[in-house]
Amino acid sequence: QVPLVESGGGSVQAGGSLTLSCVPSGYGYMAWFRQAPGKEREAVAAFYAGGTTYYADSVKGRFRIAHDTARGKLLLQMNSLEPEDTAIYSCAADRLRRHYNWDQVPRYTYWGQGTPVTVSS
């Protein structure tokens, strides 16, 4: 199994933008999660084969998840970043249909190591 690898994290000021990438992306169920220091891991967005997308309320209208099929990447475009978005962002994936909601950790079998995002005010 090829491991998931994230990239694109960094430090930006509030209001700025970043785009995260995750490779490889040939899974039927993929998502981005994040974990801030001292907090539980939380789902950010998911992309399912067929194009269905899901977003956490906290990022709707600011983040966009997309599958770059030509480059085999799962992208997370993050705009209007806020200090509260500071976290380690991880890519998650699975090939099988499971009886979990998109935003539940057990829904995904494969996980990347994460890429850090820091947003300063």
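A contact here means heavy atoms within 4.5 Å. With that settled, here are some friendly notes on the structure above.

1. **Ground rules.** This is a predicted model, in which local features need pLDDT of at least 70 and side-chain atom pairs count only at pLDDT 80 or more, while totals for chains, interfaces and linings use all residues. Residues are numbered from 1 along each chain as its sequence is written, and side-chain values use heavy atoms, with hydrogens and water left out.

2. **Fold.** The chain has eleven strands and zero helices; strands (E, at least two residues) and helices (H or I, at least four) are DSSP runs, numbered from the N terminus. Its pattern along the sequence is β-β-β-β-β-β-β-β-β-β-β. The radius of gyration is 13 Å, close to the 14 Å that the globule rule gives for 121 residues, so the chain is as compact as a globular protein of that length. That radius is taken over C-alpha atoms, and the rule is 2.2 Å times the number of residues to the power 0.38. Along the principal axes, the C-alpha atoms fill a box of roughly 40 × 30 × 25 Å.

3. **Packing and surface.** Of the 121 residues, 42% are buried (buried is under 20% relative accessible area, exposed over 50%, partly exposed in between, with a 1.4 Å probe and protein chains only). Among contacts with a separation of 6 or more, 59% come from residues 24 or more positions apart. The chain exposes about 6,500 Å², with carbon and sulfur atoms supplying 47% of it; the areas come from the Shrake-Rupley method with a 1.4 Å probe, and for residues only the protein chains shown count as cover.

4. **Charges.** There are 12 positive and 10 negative side chains, and the centres of the two sets lie 8 Å apart. Lys and Arg count as positive and Asp and Glu as negative, leaving out His and the chain ends. Each charge is placed at NZ of Lys, CZ of Arg, CG of Asp or CD of Glu.

5. **The disulfide.** A search of the whole structure finds one disulfide (a pair of cysteine sulfur atoms within 2.5 Å). The partners are Cys 22 and Cys 91, with sulfur atoms 2.1 Å apart. Cys 22 sits in strand β3 (residues 18–23) and Cys 91 in strand β9 (residues 87–94), so the pair ties together parts that are 69 residues apart in sequence. The torsion about the S-S bond is about -80 degrees, so the disulfide is left-handed. Both cysteines are buried.

6. **Ser 21.** Ser 21 is found in strand β3 and counts as buried at 11% relative accessibility. Its C-alpha atom is separated by 5.5 Å from that of Glu 6, 15 residues away along the chain. Not counting residues up to four places away in sequence, Ser 21 touches Val 5, Glu 6, Ser 7, Trp 32, Lys 73, Leu 74 and Leu 75.

7. **Ser 90.** Ser 90 lies in strand β9 and is buried, with a relative accessible area of 9%. Leaving aside neighbours within four places in sequence, Ser 90 is in contact with Glu 6, Ala 31, Trp 32, Phe 33, Trp 111, Gly 112, Gln 113 and Gly 114.

8. **Glu 82.** Glu 82 lies in the loop between β8 (73–78) and β9, and at 32% relative accessibility counts as partly exposed. Apart from residues up to four places away in sequence, Glu 82 touches Arg 62 and Val 119.
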